[in-house]
Amino acid sequence: TDLNSIRIKSAVLVDKDAAPLILDLSGELKQDGVGYSWSKPVTFSLSQNYPNPFNPETSIGYALPQDAKVKLVIYDLLGKKVKTLVDDYQPAGYKTAIWDGKDEKGNQVASGTYFYRLKADKFFEVKKMMLVK
């Protein structure tokens, strides 16, 4: 009954074709006198991709507490760059990038383990994911 007591960290929604839509609600819902609004993140963060393992695509969420130059890159097991998903200046907030399992040339990559690295301002983090066909 008290909206201030509800805490939702994340939710997975699907569209009419059952394709996943990622909704990141890890901020705080605050009352501003007019209604409720989501606060911006307080720290940089990189979420685990979903789904993982994945086929044919996966979503990668990240949080920016301030405007920043963002670079999100996929690497193979040997550390070779596979694809740059984001290379842009972005405003603060919760973001999601989708990787379709293809390299820079549009070729489908092989099943296996891949890494994704987020660099934003002075923050960077790497996480592992698996593509299974």
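Two strands pair if DSSP finds at least two bridges between them, where strands are DSSP runs of E, at least two residues long, numbered from the N terminus. The model is predicted, so local features need pLDDT of at least 70 and side-chain atom pairs count only at pLDDT 80 or more, while totals for chains, interfaces and linings use all residues. Residues are numbered from 1 along each chain as its sequence is written, and side-chain values use heavy atoms, with hydrogens and water left out.

Strand β7 (residues 68-75) pairs with β8 in the antiparallel sense over eight bridges. Within this pairing, V70 is placed opposite D88 of β8. Both strands belong to an open, antiparallel sheet of four strands, ordered β8-β7-β10-β11. Because β8 (81-90) and β11 (123-131) are the edge strands and each has a single partner strand, one side of each has no neighbour in the sheet.

From the sheet, turn to the aromatic rings. Three aromatic pairs are found in the whole structure; rings of Phe, Tyr and Trp (its six-membered ring) pair if their centres lie within 6.5 Å, and planes under 30 degrees apart count as stacked, over 60 as edge-to-face and the rest as tilted. The ring centres of W99 and Y114 are 5.5 Å apart and the planes stand at 65 degrees, so this pair is edge-to-face. W99 is in strand β9 (residues 93-99) and Y114 in strand β10 (residues 112-120), so the pair ties together parts 15 residues apart in sequence.

W99 counts as buried, at 0% relative accessibility. Y114 is also buried, with a relative accessible area of 7%. Buried means under 20% relative accessible area, exposed over 50%, and partly exposed in between (1.4 Å probe, protein chains only).
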